[in-house]
Amino acid sequence: MAGPLAGCRIIELAGMGPGPFAAMLLSDMGAEVLRVDRADAVGVDEAPLWDVNARGRRSVGVDLKHPEGQALVLRLVGAADGLIEGFRPGVAERLGLGPDDCLARRPSLVYGRMTGWGQTGPYAQAAGRDINYVALSGTLAMIGRAGEAPVPPLNLVGDFGGGGLLLAFGMVCALLEAERSGQGQVVDAAMVDGAALLAGMLHGLRADGQWGERGTNLLDSGAWFYEVYETADGRFVSVGAIDERSRAELLAATGLASDVDGGGPIPDANDRSTWPAMKARVAARFLTKTRDEWCALLEGRDACFAPVLDPGEAPDHPQLRERGTFTEVAGVVQPAPAPRLSRTPPEVQGPPPAAGEHTDAALSDWGVAPDELAALHTAGAIA
């Protein structure tokens with residue numbers, strides 16, 4: 001069975017981070033994604049099988065600075081439903097591949113743009129990275145422990161959650177609308193916008209007076225019942241017992257409810273002044289057993305508990321193994337497509353390609369005749 005986007009054709013102008021992630025999401029859902037790599041990258045490296053975000057599409061090598069290379073991409077646009085580019089604002093226009101150029105060729109095209117700062121504003125032309133976009137959005141300031149500097153959440157909030165995921169969502173929305181209207185449009189996805197949006201609930205709590213300084217709140221390690229604790233073997237467990245029932249389960253299973261540690265009655269969880277002392281008490285209790293011993297006591301109960309697994313351990317956990325949360329592609333263990341669809345399930349369409357690995361075959365499938373391919377090779381427009 002084909003995925004829900006089967007029959008949808010997407011051109012990806014090769015980039016880094018969020019753009020490839022968005023293209024991977026669309027490919028996993030069945031879209032045919034044609035990746036346009038730089039011609040000078042062809043033959044430099046073998047297929048990067050570790051590059052999970054590049055899985056599931058074919059690659060052609062095109063010189064986007066060559067007039068015939070630019071003309072070729074516009075020709076491909078004429079047979080495409082969508083395009084993804086991640087250049088700085090104005091670069092695609094200077095290459096003759098901006099939204100106006102492409103929509104003139106294909107009025108129903110969905111033109112996806114991925115940047116850090118957005119297409120407009122005083123920062124639009126400035127260089128930046130995930131950490132900068134998350135910082136400016138106000139989100140980074142909310143992540144970390146009390147009395148310590150903010151902690152960068154890897155590049156999950158800017159590049160992937162606030163960037164690539166929202167770009168893919170925006171493109172699917174626009175593709176759906178284009179089917180009804182016959183008209184394309186530009187999807188302007190910016191990581192700074194997405195990082196702000198992901199923190200929407202926290203902004204609401206702050207406006208209601210329920211969110212204060214970093215590391216003192218319900219979800220940011222302030223509460224003793226929503227925290228990561230070290231165990232006797234130097235490993236860690238997670239606790240998310242926000243509600244009264246799960247806290248009761250947690251306290252019973254750890255023995256704290258029966259005052260096994262001699263600490264006295266459990267204080268009211270809503271009394272924030274008691275959180276630091278109670279956290280120290282819970283931390284001391286978790287240090288009395290190994291992680292796996294706590295798993296034997298707590299897994300499967302309504303205590304909102306889970307072990308903190310290393311990336312190498314996660315694929316073998318019974319829950320994730322039964323779900324098929326991870327898969328193996330070309331010898332590389334990696335997350336499987338998500339979410340699941342009952343009738344048109346997603347699947348990985350293939351391993352990451354080497355740059356230009358499918359130039360002739362893919363362009364032929366997209367309508368470029370053999371003599372035209374030969375002429376493009378001779379001109380140096382493709383590789």
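Helix α6 (residues 156–181) lies across β1 (9–13), β4 (82–85), β5 (110–115) and β6, and runs at about 165° to β5. Helices (H or I, at least four residues) and strands (E, at least two) are DSSP runs, numbered from the N terminus. Axes are lines fitted to C-alpha atoms, for helices over the stretch in contact, and angles run from 0 to 180 degrees between N-to-C directions. Helix α7 (residues 191–198) also packs on the sheet: this helix touches β5 and β6, and its direction makes about 70° with that of β6. Contact here means heavy atoms within 4.5 Å.

A word on the background: this is a predicted model, where local features need pLDDT of at least 70 and side-chain atom pairs count only at pLDDT 80 or more, while totals for chains, interfaces and linings use all residues. Residues are numbered from 1 along each chain as its sequence is written, and side-chain values use heavy atoms, with hydrogens and water left out.

**The open sheet**

Now for the sheet itself. Its six strands follow the order β3-β2-β1-β4-β5-β6, with parallel pairing. At the edges stand β3 (58–62) and β6 (185–190); each has a single partner strand, so one side of each is left without a neighbour in the sheet. From one strand to the next, the twist averages 20°.

The axes of helix α1 (residues 18–28) and α6 come within 8 Å and cross at roughly 45°. That makes α1 oblique to α6, since angles under 35 degrees count as roughly parallel, over 145 as roughly antiparallel, 65 to 115 as roughly perpendicular and the rest as oblique. In α1, the residues P18, F21, A22, L25 and L26 meet a set in α6, including F160, L167 and M171. The residues of this contact divide into eleven nonpolar, two polar and one charged. Here Ala, Val, Leu, Ile, Met, Phe, Trp, Tyr, Cys and Pro count as nonpolar, Asp, Glu, Lys and Arg as charged, and the others, Gly among them, as polar.

**Strand pairs**

Strands pair if DSSP finds at least two bridges between them. Here are some pairs to look for:

| Strands | Sense | Bridges |
|---|---|---|
| β2 (residues 32–38) and β3 | parallel | five bridges |
| β7 (residues 226–230) and β8 (residues 236–240) | antiparallel | five bridges |
| β8 and β9 (residues 305–307) | antiparallel | three bridges |

Y229 stands opposite V237 in β8, and V237 stands opposite P307 in β9.
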